[in-house]
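Have the viewer open as you read.

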Amino acid sequence: MELRAVRRAALMAVLGLSLAACGGGNIQNAPAPSGGGGQAASCGKLNMAINPWVGYEASAHVVGYVAKSKLGCEVEYKNVKEEVAWQGMGNGEVDVVIENWGHPDLVQKYITDQKTAQDAGVNGNVGIIGWYVPPWMAQQYPDITDWNNLNKYADLFKTTESGGQGQLLDGDPSFVTNDEALVKNLNLNYKVVYAGSEAALIQAFRQAEANKKPLLGYFYEPQWFMSEVPLVKVNLPPYTEGCDADPAKIACDYPKYDLNKIVAAKFVEANSPAYKLVKAFQWTNDDQNVVAKSIAEDKMDPEQAAQKWVDANPDKVNAWLQAAQA
């Protein structure tokens, strides 16, 4: 019995060292919270959803990098589409959606009805969705930026995918989009065709500008690509409060989105340093674009791109950390 007890004690010591080592980063270098005898509060695990656009990826990895390197959290990234991420908050698979674009249907289902998710406040980014043309088109056809004139240009945008109609190129089918309803309700001679991803949409616009090829497409900001090719927005009927209340009858432009953070209710209850960090996190469109460009255009690893930005912006990061350690 005494030998067995010694072996058990040794095993527990090894396990203790192993658990300390898998905290996910330089926990020994993490700043201690104010008060509390200088011991950092346990951060635990942070399950961060990654939705399929690089701006989101930039925000997620910056928060994840800070959580891991400064607070000692174990961070796991999960590549999922938007609704799947919200679903995951009910079963512990996802703790955070760091950039939410409205989704009143998901708010109703998961926040109001099921109460498995909560709003964690704005993240500082302002989102814009709309229809865009490459700069050369706006210069050659100045009136094309008025939606009333789109039908007279429909023939320019015909493709094999759109048949006899003009093509309106969208991105990933899971993105927030009212485009099929808009085409129908504005009586436009166009067909929505999906590029399939953000990367494919960007490449289509890049080639359209370089080759002077007609293209009308869905796009959005914040978006690093705008600094490379300054796309020109088409003016749809102005957005007014409630004009998008019935998805089938939408005939107005998209609203501006004050992008926010959604968190699992269980994550809130735990009130860990990771949750406090997420709640405190805010930055600007320009901040996000810097990191997103590093990832998408400069081909940096997302973690390295996040570290580069964090090292260059200590004041913003320290403000988040103070809140996380309060």
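Two strands count as paired if DSSP finds at least two bridges between them. Helices (H or I, at least four residues) and strands (E, at least two) are themselves DSSP runs, numbered from the N terminus. This is a predicted model, so a few ground rules apply: local features need pLDDT of at least 70, side-chain atom pairs count only at pLDDT 80 or more, and totals for chains, interfaces and linings use all residues. Residues are numbered from 1 along each chain as its sequence is written, and side-chain values use heavy atoms, with hydrogens and water left out.

**The chain overall**

- The protein chain has 12 helices and 9 strands.
- Of its 326 residues, 48% count as buried, where buried means under 20% relative accessible area, exposed over 50% and partly exposed in between (1.4 Å probe, protein chains only).
- Taking contact as heavy atoms within 4.5 Å, residues 24 or more positions apart account for 74% of the chain's contacts with a separation of 6 or more.

**Strands**

- Strand E1 (residues 45-50) is mostly covered, with 5 of its 6 residues buried.
- E1 runs parallel to strand E2 (residues 74-79), and 6 bridges pair them; Asn47 stands opposite Glu76 in E2.
- What about strand E9 (257-264): how many of its residues are buried? The count is 7 of 8, so E9 is largely enclosed by the rest of the structure.
- E9 pairs with strand E3 (96-100) in the antiparallel sense over 3 bridges, and Asn100 stands opposite Asn260 in E9.
- E9 is also joined to strand E4 (residues 117-133), again antiparallel, by 6 bridges; here Ala117 has Ala264 in E9 as its bridge partner.

**Helix packing**

- Helix H2 (residues 54-71) packs against helix H12 (residues 314-324) at an angle of about 60 degrees, with the axes 11 Å apart. Those axes are lines fitted to C-alpha atoms, for helices over the stretch in contact, and the angles run from 0 to 180 degrees between N-to-C directions.
- On the H2 side, the contact uses Val62, Val66, Lys70 and Leu71, which meet Val317, Trp320, Leu321 and Ala324 in H12.
- By class, this contact of H2 with H12 has 7 nonpolar, no polar and 1 charged residues. Nonpolar covers Ala, Val, Leu, Ile, Met, Phe, Trp, Tyr, Cys and Pro, charged covers Asp, Glu, Lys and Arg, and the others, Gly among them, are polar.
- Helix H9 (273-280) has Pro273, Ala274, Tyr275, Leu277 and Val278 as its buried residues. Their cover includes E1, H2, E3, E9, helix H8 (265-270) and H12.

**Aromatic pairs**

- The structure holds 21 aromatic pairs. Rings of Phe, Tyr and Trp (its six-membered ring) pair if their centres lie within 6.5 Å; planes under 30 degrees apart count as stacked, over 60 as edge-to-face and the rest as tilted.
- One of them is Phe219 with Phe225: the centres are 6.0 Å apart and the planes sit at 70 degrees, so the pair is edge-to-face. Phe219 is buried at 0% relative accessibility, and Phe225 is buried with a relative accessible area of 0%.
- Phe281 and Trp320 form an edge-to-face pair too, at 5.0 Å centre to centre and 75 degrees between the planes. Phe281 lies in the loop between H9 and helix H10 (285-296) and Trp320 in H12, so the pair ties together parts that are 39 residues apart in sequence.
- Which residues does Phe281 contact, leaving aside its neighbours within four places in sequence? They are Ser59, Val63, Ile98, Val122, Asn123, Lys261 and Trp320.

- Glu221 and Pro222 are joined by a cis peptide bond, with omega about 5 degrees; Pro222 is in the loop between strand E7 (217-221) and strand E8 (232-233).
- Asn187 has a positive phi of about 55 degrees although it is not a glycine. Asn187 is in the loop between helix H6 (179-185) and strand E6 (190-194), and is exposed with a relative accessible area of 62%.
- Lys299, also not a glycine, has a positive phi near 60 degrees. Lys299 lies in the loop between H10 and helix H11 (302-312) and is exposed, with a relative accessible area of 66%.
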